[in-house]
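Trainee: Could you help me read how two chains meet in a model? I would like the general idea each time, then the case at hand.

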Amino acid sequence: MLHLKLGRVGCLLTRRAMVALTDSGARLSTHGHHEVSDQLDMSQPMYWDRLDTPLPDRPWKDVLDATDKSLKQKEKGPWSALSKEEKIALYRLKFNHTYPEMKRPSQEWKTVIGGMFIFFGITGLVVIWQSFYVYPPQPPTFGEDWQAKQVQRMLDMRINPIEGFSAKWDYEKKQWK
Amino acid sequence: MSYSKMSLAKPVMRGLLGKRLRFHLPIAFALSLMAAAAFKFGVTEPRKRAYADFYKNYDATKEFNNMREAGIFESVRPTGK
């Protein structure tokens, strides 16, 4: 089945994934088949509005009325004979959204950021509760006295006396440099 | 339905990698050499000087005795205990 043209999409998306990523524009098209359910028939050529794949397998309007059909006939002649409105009408027959319409901004980022902050807040509450009810008592090595004795012992042992810890201690004046 | 032929200039098809290398390789070499020089004169030379200065007037016996008096050794206790 791999030789099927997957909507000429140059990536590894399946057709079903592509439908999931496009609008519901494909479902709202005036396609001529009568399906009771809202299920998209994946065995038929599909329409899509995508920035990266500009030319779908079928035009937006498949079922043309008389005026549309006469316009399509006129399209077969020289295009300089078409008026501006006719050219726009032909575009709208073939495509649902224009590129600016496809790129229109949504307000989704507010939901995303808001949801992020909500979860940060919940996590913060969990962390605070943890610090009261979960953590064991702190080891004695964290106390002030212990830390002071530890620093003194490190200086006595001459830890890193050239460029590091003890190098910053003045052994004559008994103070930090 | 005939149009007058409008054509764009043929795009460059060859020598693309060579052009990119001629541009980027000198820059890459220059930046790498500068990074090496900066590390040498910012890190290794000061470090060599710090070690030289430390050991210029280093008296190992005196340091040992100071450490012994501080009581950190287990094989020799401070004098007088």
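Mentor: Gladly. Let us begin with burial: buried means under 20% relative accessible area, exposed over 50%, and partly exposed in between (1.4 Å probe, protein chains only). This is a predicted model, where local features need pLDDT of at least 70, side-chain atom pairs count only at pLDDT 80 or more, and totals for chains, interfaces and linings use all residues. Residues are numbered from 1 along each chain as its sequence is written, chains are lettered from A and ligands numbered from 1 in the order in which they are written, and side-chain values use heavy atoms, with hydrogens and water left out.

Trainee: Which side chain of opposite charge is nearest to A:Asp156?

Mentor: For charge, Lys and Arg count as positive and Asp and Glu as negative, while His and the chain ends are not counted. A salt bridge needs a side-chain nitrogen of Lys or Arg within 4 Å of a carboxyl oxygen of Asp or Glu. A:Asp156 is buried but has no salt bridge; A:Arg158, the nearest side chain of opposite charge, is 5.0 Å away.

Trainee: What does A:Asp156 contact, leaving aside its neighbours within four places in sequence?

Mentor: Contact means heavy atoms within 4.5 Å. On that basis A:Asp156 touches B:Met67, B:Ala70 and B:Ile72.

Trainee: How many residues of each chain are in contact across the interface?

Mentor: Eleven residues of chain B contact ten of chain A.

Trainee: And how many salt bridges cross between chain B and chain A?

Mentor: The rule finds two. In one of them, A:Glu163 pairs with B:Arg47 at 2.9 Å, N to O.
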